[in-house]
Amino acid sequence: MPEPLVSIVIPVYNRASLLEKAIRSALAQTYRNIEVIVCDNCSTDGTFEIVQKYMRQDSRVTGYRNSENLGLVKNWIRGIELSHGEYIRLLFSDDWIEPESVERMLVPMLKEPQVGFCSSAVEINEQDRHLPVYQLRTEGRLDSMEFLHLLLSGTCMVPVSPGCGMFRRDDARQFIPEQLPAYKGYDVNRRGIGNDVMLYLRTCERYPHCFYISTPLTHFLSHPGSFSVDVSTNTPFRLEWCYIHSFAHFLERATLVPSARLRLSWDLKYYIARLRVLGILTTMARNMRRWWRNA
């Protein structure tokens, strides 16, 4: 039985200083039947010249340059549309993956067609610090409703970024929305906040199971310019509220049995209540610090 083609899709915009590490990690995979699709969103800093260099060095690399900037999310989708693999591994241009990432993630999806996606723990790299995140209690197959419960209740760091998961190409193309409603005037689509997690939500809606690997197979670089850092710097908890907004949007439209919908609705109410308490405590702590400085 031939090995299926896996597409590692790298959407990029103005990341000339970071892109090479992502491409090299993609090409270093122990699973050999891959293609690397780099979709450049009309960069102005020499990014595409780096893509062309790797295209000359390795026939598995294919680069595309948009004639105009499509916006963040549409460039994700464009990269998926240009791919040919049965499976998709999204790799954002400031991140990198372990050599065995594709091979290990593909195994459970080939063994069990009812597994909708495979995700792994992540290591966030920030200068000399290495912070493990997205660490669930157990490794292995999970019921999709249990994954949704963990996600919507906010009780642990469940993966929301498609950059640490493997999906079927057709699901990825269908389930990433180009547009979501704004949250209190904030355009979530500009940063893909909610568009990303919708891939997990809607895949769980379609498939009864998912699979989790506790080894960090993906590295996220924390740096000025990464969307999670930028969004959270000046507005505490904005990121969390935007995701809650996308969870509610999903629940309004999901085709779930009544018992599952009821449970997830209570999960979301719990998350909202907990976040409000955290917001109050954060405000109190900030005011106390101000008082102490001025005393």
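Twelve is the count to keep in mind on this tour: a search of the whole structure finds 12 salt bridges, each one a side-chain nitrogen of Lys or Arg within 4 Å of a carboxyl oxygen of Asp or Glu. You are looking at a predicted model, where local features need pLDDT of at least 70, side-chain atom pairs count only at pLDDT 80 or more, and totals for chains, interfaces and linings use all residues. Residues are numbered from 1 along each chain as its sequence is written, and side-chain values use heavy atoms, with hydrogens and water left out.

Start by selecting Arg 65 and Asp 40. Their closest N and O atoms are 3.3 Å apart, forming a salt bridge. This pair links distant parts of the chain, 25 residues apart: Arg 65 lies in strand E3 (residues 61-65) and Asp 40 in strand E2 (residues 34-40). Helices (H or I, at least four residues) and strands (E, at least two) are DSSP runs, numbered from the N terminus. Asp 40 is buried, at 0% relative accessibility, while Arg 65 is partly exposed at 41%. Here buried means under 20% relative accessible area, exposed over 50%, and partly exposed in between (1.4 Å probe, protein chains only).

Next, select Glu 146 and Arg 263, whose side chains meet in a salt bridge at 3.5 Å, N to O. Glu 146 sits in helix H5 (residues 144-153) and Arg 263 in helix H10 (residues 258-294), 117 residues apart. Glu 146 is partly exposed at 26%, and Arg 263 is partly exposed at 38%.

Now pick Glu 252 and Arg 253, a salt bridge with closest N and O atoms 2.9 Å apart. Glu 252 is exposed at 61%, and Arg 253 is exposed at 52%.

Finish with Glu 20, Arg 24 and Lys 53, which salt bridges with shared partners join into one network.
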